Amino acid sequence: MAETGTKSGNPLASEPLGKMMMKFAIPAIISMLVSALYNIVDQIFIGQGVGMLGNAATNVAFPVTTICTATALLLGIGSASNYNLELGAGREKKANQLAANGISMLCLCGVAIAVIVLLARNPLLHLFGATKDVLPYALDYTTITAFGIPFLILTNGGSHLIRADRSPRYSMVCMLTGAVINTILDPLFIFGFHWGIKGAAFATIIGQIVSGLLVLFYFWKLKKMELEAGMFRLRFHDVAMIASLGASSFINQIAMLFVQIVMNNTLKYYGAASNYGSDIPLACVGVITKVNMVFLSICIGISQGCQPIWGFNYGAENYKRVRRTYKLSAIWCTGIATVFFLCFQMFPRQIVSIFGTGTEEYFHFAERYLKVFMFMTFANGIQPMSAGFFTSIGKAKLGIIMSLTRQVIFLLPLIVIFPMIMGIDGVMYAGPIADGAAAIVAVFFARRELIRMRE
């Protein structure tokens, strides 16, 4: 059965590797960048039109987006990885059934999360670290963007299934269309209509709705996979299979959520005892988080683009191609990480200035934070890429370990302990130490797995 996929003429097993990786990785990178662009564009225009408190508000509201992304990755990557593995092993009907269950779960979870956020937005924003001055802006932004949550989750999760269905360009179009709409409407609503942070929120959900409708249209009219109505009925075993392979990406996002909540509250507490106050660190970290999203989007996009190749060929027992794909993707991620490292170290003020104006204290803190916290950027591409690799080949436990290393095992305790010794500067120095340790762990487990495949 395992040989079926390899001998079927499927291009995942036969086309030149570099060409195949480019075909899947470039649309995946663009899709990830576009997803990040929603928040980055909002941050830029809000920074210019509303100011520092607006930037702080989007940072406080950002955990809601992280929750949505985590859910989308749990179901999208989980169902797409299972689809690729089953298809590579020649079990086409089972693959289609798993894809249909993934679509059903994306729709149900999107509605459920939107309702929860709307009902509990005030206590949630306090939990996320909102100060008295920032809270009104964060409430305005979150109340409006909550209505786009079902479409956001459907788009981000459904795009993985569309790529697995061998339509990476359409997946990219879904993401790109919404981002272009958001980019056009942001300045119109913020500066033209003078809606402030509410304008940014309305621009965001309009783009998300259009992208979500494009995803629905694909599965209704354009899909290559053969989906029958009965396949959309949820089956516990299928949902469990989806969750097991999507768990590493989900846990990584949830870990980022906890880190962000702890970091926001740590910065608020120690910032109040420093010369900067509480609002400046919150605004600066929000900006730097968005900048880092650009870098991570490229590395995660490479990983997601390689997932169909890894999953199909592993299912077909074509291990040599799996190993070659991993090594090439590691080279790509490390090269990109080095470029971003140089930019962060050489042009910190210019990067921060893109996101609006502020006091000299604001820029002083932001420049130091960007240079110190992101000092190990050159090694940061391996960990997220390896997490995707283990998920794609069905090694769910290793994928989870990779996802936990940086955020939970290393960074979370460090941003609690270091500030007790160093004050607010402790948060900065926790970053590079956690990044270096996570990279070492990723290299160790990946090398061990590649050796096993060769043997």
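Partly exposed residues are those between buried, under 20% relative accessible area, and exposed, over 50%. The legends below describe a predicted model.

**View 1. A salt bridge joins Glu86 and Arg91.** The N to O distance between the two side chains is 2.6 Å. Arg91 has a relative accessible area of 41% and is therefore partly exposed, whereas Glu86, at 9%, counts as buried.

**View 2. Asp425 and Arg368 form a salt bridge between two helices.** Their side chains meet at 3.2 Å, N to O. Asp425 belongs to helix H17 (residues 425–454) and Arg368 to helix H14 (residues 360–373), so the pair ties together parts 57 residues apart in sequence. Asp425 is partly exposed at 22% relative accessible area, and Arg368 is partly exposed at 25%.

**View 3. Glu449 and Lys395 meet in a salt bridge.** The N to O distance is 3.9 Å. Glu449 lies in helix H17 and Lys395 in the loop between helix H15 (382–392) and helix H16 (396–422), so this contact links parts 54 residues apart in sequence. Glu449 is buried, with 4% relative accessibility; Lys395, at 27%, is partly exposed.

**View 4. A patch of positive charge lies on the surface.** Lys19, Lys23, Arg166, Arg169 and Lys224 gather here. Arg169 sits in helix H8 (residues 168–192) and is exposed, at 66% relative accessibility.

**View 5. Ring pairs link Phe189, Phe193, Trp195 and Phe202 into a cluster.** The model has 23 aromatic pairs in total. Among them, Phe217 and Trp220 have ring centres 6.4 Å apart and planes at 80°, so they pair edge-to-face.

Note on methods:
Residues numbered from 1 in each chain as written. Predicted model: local features only at pLDDT ≥ 70, side-chain atom pairs only at ≥ 80, totals over all residues. Heavy atoms only, no water. Patch = residues over 30% accessible without salt bridge, like charges linked within 9 Å, V, L, I, M, F, W, Y side chains within 5 Å. Areas by Shrake-Rupley, 256 points an atom, 1.4 Å probe, with all protein chains shown as cover. Salt bridge = Lys/Arg side-chain N within 4 Å of Asp/Glu carboxyl O. Lys, Arg positive; Asp, Glu negative; His and termini not counted. Charge placed at Lys NZ, Arg CZ, Asp CG, Glu CD. Helix = DSSP H or I, 4+ residues; strand = E, 2+ residues; numbered from the N terminus. Buried < 20%, exposed > 50% of the residue type's maximum accessible area, 1.4 Å probe, protein only. Phe/Tyr/Trp six-rings, centres within 6.5 Å; stacked < 30°, edge-to-face > 60°.
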